[in-house]
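Dear colleague,

Please open it first, and then read the notes below beside it.

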Amino acid sequence: MAIQIMNLKSIDTVDKISAEAFKASYYNPCLPVIIKNMPHVQHALHRWDWGYLKSVAGNKKVGIYNNIKSDSRTPINTADSYTSFGEYIDMVSKGPAEWRIFLFNLFEQAPELTKDFEWPDQYVKGFVKKYPMLFVGGQNSITHMHFDIDLSHIMHTQFVGKKRVLLFPYNEAPKLYRKPFEVLSLADFSLYHDSRKSKLNEQAFPATRYANGYEAILEHGDTLFMPAGYWHHMEYIDSGFAMSLRALQPSLSGKLKGLWNLLGMRTIDTVLKRTFPDAWYQYKLRKIEMNANTVLGTGHKLTSLSPGS
């Protein structure tokens, strides 16, 4: 049974906004916004297309990822296959292809691309300028619900194609069935917007109906500000690509939480997945049940789920 009762708002969209207004209305209160045609990417918006990217980095080897959600034994960020960037572009630019690339530092391979955009420092401080990242997906590919492990603020600009975005604040985690010691949701939000095809199961994940979030469709030239810790699920309506610029949180506590996630939380999870995979998974299920039941006020059990879910 598909859920159609999540509490979703449209993400605010503005054509232009000053840095002062952006900080007051969105950055400081940690609210998402879509800004059209940001000045920092104007040159790239007129230059970057499939042919150009292939010409500068077509021979680079890349890991590609399918639409299958990771299970209890899957190592973090393990690619499902490898190919050259040029072959991948040829595949996805022709039409439906449920393969994507994420966290690809194309700019390390082709540093001349960094001349095509500027860093929007007047809007957000603390950009990690060594790591601008490219995210590429074929039509119908899906980035499953998660939050970024380092808890950075993100400026995410869409260049080619359209992409559906579903966002939730960090504190909605119990309603999203967060896996303990991971950044992932146990629930599958694939095609949540289509009642005929949605994989979001109301019987298994009833707390999701109470989740409060945002949705939008990103198009060419749209820059999404995604505040630190926001959960996000993305579906490629067309084959396309986007660039993410990451900025560390200004507070020391924010930086330390991100560092703990990277060095502490992830290490613990990796070790226990390898040494006690079934016991560790069962522990996670119990914690997920407890957190969801706090929202529901019931004793709902995740009995319909197998250890490979």
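**Aromatic rings and a sheet**

Phe-117 has a relative accessibility of 5%, so this residue counts as buried (buried means under 20% relative accessible area, exposed over 50% and partly exposed in between, with a 1.4 Å probe and protein chains only). The model is a predicted one, in which local features need pLDDT of at least 70 and side-chain atom pairs count only at pLDDT 80 or more, while totals for chains, interfaces and linings use all residues. Residues are numbered from 1 along each chain as its sequence is written, and side-chain values use heavy atoms, with hydrogens and water left out.

The count of aromatic pairs comes to 19, where rings of Phe, Tyr and Trp (its six-membered ring) pair if their centres lie within 6.5 Å, and planes under 30 degrees apart count as stacked, over 60 as edge-to-face and the rest as tilted. The rings of Tyr-27 and Phe-225 have centres 6.0 Å apart and planes at 40 degrees, so this pair is tilted, and both residues are buried. For Phe-107 and Phe-117 the centres are 5.7 Å apart and the planes stand at 75 degrees, which means that the pair is edge-to-face. Phe-107 is also buried, at 5% relative accessibility. Ring pairs join these two residues into a cluster with others, including Trp-48 and Phe-241.

There is also an open sheet of 5 strands, in the order 1-11-10-13-8 and with mixed pairing (strands are DSSP runs of E, at least two residues, numbered from the N terminus, and two of them pair if DSSP finds at least two bridges between them).

Best wishes

Notes:
Helices (H or I, at least four residues) and strands (E, at least two) are DSSP runs, numbered from the N terminus.
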